[in-house]
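Open the model in your viewer and follow along, one selection at a time.

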Amino acid sequence: MIFKLIKNELLLEIKSSNNLFYMTFFALSCLMLSVFSFPPSKINEIIILSGFFWIIVALVSIKLIENSFAREKEGGIYDLIYTSPIENYLLFLAKLITFSLILLGVQIFIFMTYSLISISVSIDLIFKILALCIISDIGLIGLGILIYLMTSLNISRSFLFPLILFPMITPILIHSSNIFIGLCLDSDISFYTESTMLLLTFALMAVVLGVNFFERLIKY
Amino acid sequence: MLNIRNLSKSFSNTKILNEISLSIDSGKLVALLGKNGSGKTTFLKCVSNIMNIDSGNVDYNQSRILFLNDKENIFSDLNILDNMKCILHFYNQSLDLDVYNKYLSVLGLKEFENLKLKNLSKGNIQRNKLLIALNLSWDYLLIDEPFSNLDDSGKGIVKEIFLHLKSKNKTIIFSTHNFNQFEDICDESFMIKEGKIN
């Protein structure tokens, strides 16, 4: 069942006129433009790259979530979906998995493209980065969906959503950035064990809260 | 049977629905009447469980409810078939192509099959809503303003479809302003006025 829902979300994102291609292109353009301003030292480049990378990821994840719910509300199909006999937590999990996969695709594309023009970042790191991205994305997207729904009935939602979301996801961004730097500099694993545990906690928390509270949040 | 007991709903201290109770048997065609803002849509949303209610309860007796609101009910970037497949996935049902093609022709949508839904006229969007209802399995259909944006031939088609569904023991509850045009097909009608049902 959940595979059908994931397939649905992917199809909708691909067919959308406001889709991930534009988001990825925007994200990559930002990064490429910033390359020229990076200082010519490996450690500085990696620290700044890490910051840019995770800010872009946070913005893309917000856009993904907003687009998805906006699409459902603009088409007036929101009621039809959320009164379906399917368990609502499956709808949450389908969104979480699909958006995490899309975000992962965006991250891989950005990282690989950047590694082609940079001598400081090697493409061999891709599998380690991939594991980091999966854990971070689940936390980012899960919390993003919940906070979007909490603020969606407020007339100031465009303002409230990022206002509440950013402080909530800041720990995820900081610790993801720490691990990213550690991986790029080939640091000892003890350098990022705590950060990994914190990201896992956020991911788990987002999934548990989403599964339990999604049904209450989609009603108005 | 659909049983509604003491259903109440308020928005900011304004009581829209005030302890409404009613029962609707299966196989009935029921019109919900009332002025703009009388609470018809709120009633349908509360009964279909998408809107939180203040008090009361709605008992479906394990019947399947389908709620179609007065909006377009489309994913605007998809065509009619893809939109239908998507919706069926959400309802864990599979598409019966024979049924789909039959009703596509009956509703006069065949020639628009490959167009993106955002390019369809409002009347055809309304017909597409009926196509959704005809391709999904349900016992109770709650549909908000099914005749809006339709020309006379469209209204005639919708009436025929409603009667066809009724003959299959399906229950349809629809809201409308213009009862005179549809009085002939209804078994019952309820008027919502000042939060009460008459």
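Start with burial: 40% of the 220 residues of chain A count as buried. Keep in mind that this is a predicted model.

Now colour chain A by secondary structure. Chain A has 8 helices and 0 strands. From one end of the sequence to the other, the order reads α-α-α-α-α-α-α-α. The radius of gyration of chain A is 18 Å, close to the 17 Å given by the globule rule for 220 residues, so chain A is as compact as a globular protein of that length.

Switch to the C-alpha trace. Along the principal axes of chain A, the trace spans about 55 × 35 × 35 Å. Next, think about contacts with a separation of 6 or more. In chain A, 79% of them join residues 24 or more positions apart.

The crossing of α3(A) and α5(A) is right-handed.

Show the side chains where the two helices meet.

- On α3(A), pick A:F53, A:I56, A:V57, A:V60, A:S61, A:L64, A:I65 and A:S68.
- On α5(A), pick A:K95, A:F99, A:I102, A:L103, A:V106, A:Q107 and A:I110.

These two groups meet each other. Colour them by class: the contact of α3(A) with α5(A) has 11 nonpolar, 3 polar and 1 charged residues.

Key. Residues numbered from 1 in each chain as written. Chains lettered and ligands numbered in written order. Predicted model: local features only at pLDDT ≥ 70, side-chain atom pairs only at ≥ 80, totals over all residues. Helix = DSSP H or I, 4+ residues; strand = E, 2+ residues; numbered from the N terminus. Rg over C-alpha atoms; globule rule 2.2 N^0.38 Å. Buried ≥ 20, exposed ≤ 12 C-beta atoms within 10 Å, placed from the backbone. Contact = placed C-beta atoms within 7 Å. Left-handed = near helix turned anticlockwise from the far one by under 90°. Nonpolar A, V, L, I, M, F, W, Y, C, P; charged D, E, K, R; others polar.
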